[in-house]
Amino acid sequence: LFIKYGKSINNLLKIKKSFITDNSVFLEKQKKIADELSKQPLKTSCKICGTKPSESFFEKNGIKFFQCEKCTHLNSIHDETNEFLESLYTEDKGHNYAKSYIEQQREDYINRTETIYTPKVEFLSDFLESKGESLKENRIVDFGCGSGYFLYALEKLGIDNARGYEVSESQASYGNSLLKSNKITPFNINEAGSISSKLDCEIISFIGVLEHMKSPHDVFKGIAKNKAIKYIYLSVPLYSFSVFVEMAFQNVMARQLSGGHTHLFTKESLTYLANEYDFEIAAQWWFGTDIMDMFRSIIVTINGNRGTENAVGKFESRFMKMVDNLQMELDKEQLSSEVHMVLSRKAN
Ligand SMILES: [Zn+2]
């Protein structure tokens with residue numbers, strides 16, 4: 001098994017500084033999304049395995065969650081209806097959602113590619129090499145590619161025949177304006193299954209995408225039928241330490257279980273999903289931002305409490321250097337906020 005733990009967070013720190021300075025703005029937005037979700041009908045089954053919901057065991061921002069008894073997936077009790085998802089992602093042709101993701105400046109785009117997406121390409125490439133294969137001999141389709149960061153990272157490493165599909169037209173066209181050879185095609189989310197069944201590629205990737213779909217099953221059914229596809233490369237947010245940090249600090253913007261993240265995967269629910277379509281987990285990379293989330297929560301709270309606001313600097317200078325090492329302990333236990341996995345088609 002190809003397995004990797006940890007990733008340095010230093011660069012990420014610079015990018016997400018606004019999480020600290022604009023906490024209340026983000027918090028307000030998340031409450032609005034939670035309000036919208038709370039109006040949706042109740043789920044009748046687990047999003048991943050279809051088992052009847054079990055009793056809810058905690059509530060956060062007015063939303064109740066249950067953990068599936070069969071596959072351990074963490075679900076909100078409310079259904080992510082098409083209306084709810086459309087209000088999140090496609091309203092105004094994706095502009096509302098894109099605001100937090102698209103960094104208009106070309107420099108930021110390149111910086112984001114180098115710090116976040118190039119390591120993803122390298123992980124995939126290292127895995128393929130361990131199998132005696134290479135990126136070049138496998139055609140890649142990045143499904144739900146956003147503004148094309150992953151495609152851009154591939155291009156920089158000499159892979160110029162990759163393609164992307166994206167539901168937001170504005171993100172697709174922004175990406176296409178920066179990409180040279182790899183191109184993005186906009187698509188309608190209802191066509192995910194029929195598109196994936198016909199793709200001419202060996203690798204399909206879902207980087208931070210499956211958690212935003214109404215159900216991953218349509219697109220996976222298409223992949224199961226499409227025997228050209230050998231590997232599925234995915235990254236998803238997990239039911240991790242951060243979720244408990246968020247329960248403790250409810251006045252701090254949450255990035256794990258809030259906003260568009262209305263349910264979270266576990267290793268077991270991912271294994272269930274892979275098995276269901278005759279794939280198996282071939283590579284894993286565990287890392288996360290749990291400790292950074294906890295530190296951010298402490299900083300925002302110290303900052304907001306009368307009398308302690310001056311202590312923030314001291315906290316940062318004393319403890320910030322430990323973020324990577326503390327996070328590594330969670331990563332090694334496979335309790336981190338995200339995982340990257342390569343699923344490979346089972347041989348029959
Ligand atoms: Zn389940």
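View 1. A pocket here is an open set of points on a 1 Å grid over the protein atoms alone, with protein on both sides within 12 Å along at least five of seven lines, and a lining residue has an atom within 4 Å of a point. This is a predicted model, where local features need pLDDT of at least 70, side-chain atom pairs count only at pLDDT 80 or more, and totals for chains, interfaces and linings use all residues. Residues are numbered from 1 along each chain as its sequence is written, and side-chain values use heavy atoms, with hydrogens and water left out. The second largest pocket holds about 180 Å³ of space; a volume is the space filled by probe spheres set on the points, which are joined across faces, edges and corners. Its lining splits into 7 nonpolar, 4 polar and 2 charged residues (nonpolar means Ala, Val, Leu, Ile, Met, Phe, Trp, Tyr, Cys and Pro; charged means Asp, Glu, Lys and Arg; the others, Gly among them, are polar).

**View 2. Gln334 and Thr72 have positive phi values.** Most residues other than glycine have a negative phi. For Gln334, phi is near 55°, and the residue sits in the loop between helix H15 (323-332) and strand S11 (338-345). Helices (H or I, at least four residues) and strands (E, at least two) are DSSP runs, numbered from the N terminus. Thr72 has phi near 70° and belongs to the loop between S3 and strand S4 (74-76).

**View 3. Helix H11 (residues 241-248) meets helix H13 (residues 290-304), with axes that come within 8 Å and cross at roughly 15°.** That makes H11 roughly parallel to H13 (angles under 35 degrees count as roughly parallel, over 145 as roughly antiparallel, 65 to 115 as roughly perpendicular and the rest as oblique). Axes are lines fitted to C-alpha atoms, for helices over the stretch in contact, and angles run from 0 to 180 degrees between N-to-C directions. The crossing is left-handed, meaning the near helix is turned anticlockwise from the far one by less than a right angle; clockwise would be right-handed. Phe241, Ser242 and Val245 of H11 touch Asp290, Asp293, Met294 and Ser297 of H13, with contact meaning heavy atoms within 4.5 Å. By class, that's 3 nonpolar, 2 polar and 2 charged residues.

**View 4. H13 also packs with helix H14 (residues 312-319), the axes coming within 9 Å and crossing at roughly 160°.** The two helices are therefore roughly antiparallel, and their crossing is right-handed. On the H13 side you'll find Phe295, Ile298, Ile299, Ile302 and Asn303, facing Val312, Phe315, Glu316 and Phe319 of H14. This contact has 7 nonpolar, 1 polar and 1 charged residues.

**View 5. The largest cavity has a volume of about 100 Å³.** A cavity is a set of grid points where a 1.4 Å probe fits but cannot get out; there are 3 of 30 Å³ or more. Of the 13 residues lining the largest cavity, Ala34, Ile63, Leu257, Ser258 and Gly259 are the closest to its centre. Helix H3 (23-38) and strand S3 (63-67) each supply at least two lining residues, and H3 gives the most, with 4. The lining has 6 nonpolar, 6 polar and 1 charged residues.

**View 6. The second largest cavity holds about 40 Å³ of space.** Around this cavity are Leu27, Gln30, Lys60, Asn61, Glu246, Phe249, Gln250, Val252 and Ala254. Sorted by class, its lining has 4 nonpolar, 3 polar and 2 charged residues.
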